[in-house]
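I opened this entry to record what I looked up, beginning with the surface and ending with the confidence of the model.

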Amino acid sequence: MVYSITYRRPVHINSSRSSFNGNEKPGSIGDSIGSGSTTVAAGIPDALSFDRVISGGTCPPCTTRDFMNYLIYIERSAENLQFFLWHRDYCQRFSQLPANEQVLSPEWTVEKAEADANAMPTAAGNKKMSPEVTEVFKGTDFAQTKATISEFNPAPNPFHTPPQTPDDRSGVTPSESGWGNDVSTLQGSRKANFVEKANVAYEAADVRVQPFTIQPFREEITRIIATYISEDGARQLNLASKERAALLRALASTTHPSAFRKVIHTIEFTLRHQAHPNFIRWSICNGNRPRVIFARGLGIGGIVAGIITALLITLSGASRGWRAISAIGFMIGIATLIAAWKGMCVVLHGMHHRHLRPWELFAEEDDSSSVYELKKGSFDSLGSTNSYEDEPWVAKYDKRNIIRKIFDREVWIQEPALRQIQDTIFLQSILGAVLGTAIFMAIFVPVPNGNLL
C-alpha cells in the first residue's frame, strides 16, 4: 500500500526563529493541540505525527530516541526536546502534589505577567553610568550601586535546611571527614554551583525578590535555571533577552508550571513545526551520504549509457526496433536518479533496509562504551552539555574509507509508515522513469538510420 502519487516529502525548514511570526506561535500550537492533529507539515502521516513520536507510538528509526539523536548529532538543538520532556513530566508531578503544597506556588497568570512587566523600572532608571562618571561620583551619595539578591533578605530564612550533624563515626562534619564523604561533598559543590548560576541569572534579569525556598520543587527549578535558562548554562535555550527576563521574574515568584507558559509555547512550536518535519524528512533517507552520492552517480551513468547505446544503434544500419535496447539504461538510470535525489537507494529499498547511522555502527563493539549507553544521559533533564565531538565513534568513523562507507552495515526498517512513504517514493521514481524513457524513445526512434557503422 502506498500514499498518493502526488505525495511530497516534508520541506526542510530552517531553524531561524525569525522565520516564525511571533503572533502565530501560540495560536498555531493551540489549534494543533485542540484539534487533536499535529501534522502541521505536508508529507507527514498521522502515524508519524509529533505526538505519536513523543508518546512512544512509533518503531525505529522514528522513535523518541531516534528523534533525540537527530537533534543531538544533526540539528544540534537537543535542549529543546530535553526541556520539553522535562516540562511535561514536571506538570504531571506538580499536579500530583497535595493541595496544601500546591497552594504555596500560585499559578502565574497573564494578569500577573502584565503587572510584573509594568512594574519594571523605566529605561532611565536602569541606565548605567559610564565608567568615567562612575569614578567621579565614587564615594558620594550619587554613586550608583548594584543590589544583589542576597541584600533583600539579610535575615536568616527559617525554612532553610539546618546544617548537617557531625558524623558519629569520626566526630567531624562530612566536609572534614575526607575520603569517606567525597560523594556528599561533590554533590554539595554541584548544588552550590547551580545556586550560584541561578543567582547570577536572577541578577542579570534585575530580579529583586528572593525566591521562596518553601515552595515545592524549588531546588529543581534552581537547577533548571542553571542548566537551561542561564546564559552560560550547559543546555542554554535559544531565548530572547525579554523572554529570559520574564521567565526568571515568574520563577522568582512561583514554581507553578504556568510560569513556563510562554517559553514552552515557543519551544513546542519549534519542535512541532521545524524539528519534527526535518526529522521525518531525514528519516526517509535510507542511505548515508556517500551511498546516496554513489546512487546518483549510478543514475547519471545509466542515463549516459542509454544515450550512447541509442546513438550507436541510430548511426548504424540496424533496424529501429533495436533502439529499444537503450530503454533499459534510461529506465534504470532515471529511476535510480529520482530516488537518490530524494535520499533513497533503490537497492536498499528493495530489502526495506537502511544504513546504520555513524553513532550506531560502533554501539555493539564495546558494550561498556556503547554510544547508546553514553547517550542515555541525553534523556537526563539535568545532564551535561550535548556536545559529542569527543565521543569515540567520531574518530573511528572518520578513519573508515569511502568504500566501507558506501557499503556500510544495514538494518531492517521497522516502522510501517516509513516503509509506506519509501514505497510511494519508489513508485514515483518508476513512473518518472517510464515518462523519461518515453521522451528519449520519442527522440531517437523517428530518426532515420545513419548507416555509418
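**Surface patch**

I looked up which helices contribute to the nonpolar patch, and found that helix 13 (289-315) and helix 19 (402-406) each supply at least two of its residues; helices are DSSP runs of H or I with at least four residues, numbered from the N terminus. This is a predicted model, in which local features need pLDDT of at least 70 and side-chain atom pairs count only at pLDDT 80 or more, while totals for chains, interfaces and linings use all residues. Residues are numbered from 1 along each chain as its sequence is written, and side-chain values use heavy atoms, with hydrogens and water left out.

I listed the patch members as Phe-294, Leu-298, Ile-402, Ile-403 and Phe-407, which together make about 500 Å² of nonpolar surface. Leu-298 lies in helix 13, and I noted it as partly exposed at a relative accessible area of 49% (buried is under 20%, exposed over 50%, partly exposed in between, with a 1.4 Å probe and protein chains only).

**Helix 3**

I then turned to helix 3 (residues 64-75), where ten of the twelve residues are buried, so the helix is largely enclosed by the rest of the structure. Among the buried residues I noted Phe-67, Met-68, Leu-71 and Ile-72, and also Asp-66 and Glu-75. Just after helix 3, Arg-76 takes a positive phi of about 60 degrees.

**Confidence**

I recorded a mean pLDDT of 81 for the chain, with 74% of its residues at 70 or more; pLDDT is the predictor's confidence in each residue, from 0 to 100. Over residues 146-186 the pLDDT is below 50. Where pLDDT is low, the predicted coordinates should not be read in detail.

Terms used. Contact = heavy atoms within 4.5 Å. Patch = residues over 30% accessible without salt bridge, like charges linked within 9 Å, V, L, I, M, F, W, Y side chains within 5 Å. Areas by Shrake-Rupley, 256 points an atom, 1.4 Å probe, with all protein chains shown as cover. Salt bridge = Lys/Arg side-chain N within 4 Å of Asp/Glu carboxyl O.
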